[in-house]
Amino acid sequence: MTRLPSRLHHTAYVSKDLEATRKFYEEVIGLPLIATWSEKDVLFGAERVYCHCFFGLADGGALAFFQFAKPEDQTLFDPELSPSPFRHIALNVDAETQAEIEQRIKAAGYREPDTYVLEHGYCRSVYITDPNGMILEFTLDAPNADEINARRRAAAHEELRRWLAGDHETNNHFRHEEHA
């Protein structure tokens with residue numbers, strides 16, 4: 001069997017305002033700023049000057065954000081994207097962490113549509129939009145997540161083939177099951 005990567009080292013995004021990003025991730029979400037790199041490299045045919053900040057996750061991974069010194073680099077590497085709830089970062093949390101994040105979100109004054117909750121059945125998700133327009137999802141797995149995950153894993157290829165063949169019937173029956 002092929003060895004899988006051990007964890008996410010980091011995932012990187014561009015920020016228009018690293019101080020607003022720092023304040024959001026540290027003070028609202030609770031992720032510590034663990035590294036700031038001020039860098040200058042020749043990249044893609046030109047010298048680029050940028051700052052690269054990392055916000056730590058419990059497993060050692062991080063969310064990272066770049067801001068460029070030159071406006072033309074900022075524009076080049078941070079093109080406007082249409083907002084979409086289907087482009088987001090999902091982070092797993094326990095019940096206590098999710099409740100704490102929800103309290104800080106509320107205390108910071110965030111309201112719908114910038115934050116909302118979805119009960120997926122297999123997890124409960126709290127969503128919030130960061131200062132860069134990126135959506136974060138904090139997921140709390142259902143109590144029977146191991147059983148649910150085993151069922152989805154066993155049928156993953158079959159379900160994908162079914163869907164691609166045009167059968168779009170839902171297979172998420174977990175919203176209606178009891179999670180005892």
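**Strand pairing and aromatic pairs**

Q: In which sense do S5 and strand S8 (residues 135-141) pair?
A: This is a predicted model, in which local features need pLDDT of at least 70 and side-chain atom pairs count only at pLDDT 80 or more, while totals for chains, interfaces and linings use all residues. Residues are numbered from 1 along each chain as its sequence is written, and side-chain values use heavy atoms, with hydrogens and water left out. Strands (E, at least two residues) and helices (H or I, at least four) are DSSP runs numbered from the N terminus, and two strands pair if DSSP finds at least two bridges between them. Between S5 and S8 there are five bridges, and the sense is parallel.

Q: Which residue of S8 is the bridge partner of Leu 91?
A: Leu 91 belongs to S5 (residues 88-92), on its covered face together with Ile 89. The uncovered face holds His 88, Ala 90 and Asn 92. In S8, Leu 91 has as its bridge partner Phe 138.

Q: Which strands stand at the edges of the open sheet, and why is one side of each left without a neighbour?
A: The sheet has four strands in the order S5-S8-S7-S6, with mixed pairing.

Q: What angle does the direction of helix H1 make with that of S7?
A: S7 (residues 123-129) runs antiparallel to S8, joined by seven bridges. H1 (residues 18-29) packs on the sheet and touches both S7 and S8, where contact means heavy atoms within 4.5 Å. Axes are lines fitted to C-alpha atoms, for helices over the stretch in contact, and angles run from 0 to 180 degrees between N-to-C directions. The angle between H1 and S7 is about 140°.

Q: What angle lies between the planes of Tyr 50 and Phe 68?
A: Rings of Phe, Tyr and Trp (its six-membered ring) pair if their centres lie within 6.5 Å; planes under 30 degrees apart are stacked, over 60 edge-to-face, and the rest tilted. The count by this rule is 12 aromatic pairs. Tyr 50 and Phe 68 form a tilted pair at 5.8 Å centre to centre, with a plane angle of 55°.

Q: How many residues apart in sequence are the parts that the pair of Tyr 50 and Phe 68 ties together?
A: Tyr 50 counts as buried at 9% relative accessibility, as does Phe 68 at 12% (buried is under 20% relative accessible area, exposed over 50%, partly exposed in between; 1.4 Å probe, protein chains only). Tyr 50 lies in S3 (residues 46-56) and Phe 68 in S4 (residues 62-68), so the separation is 18 residues.
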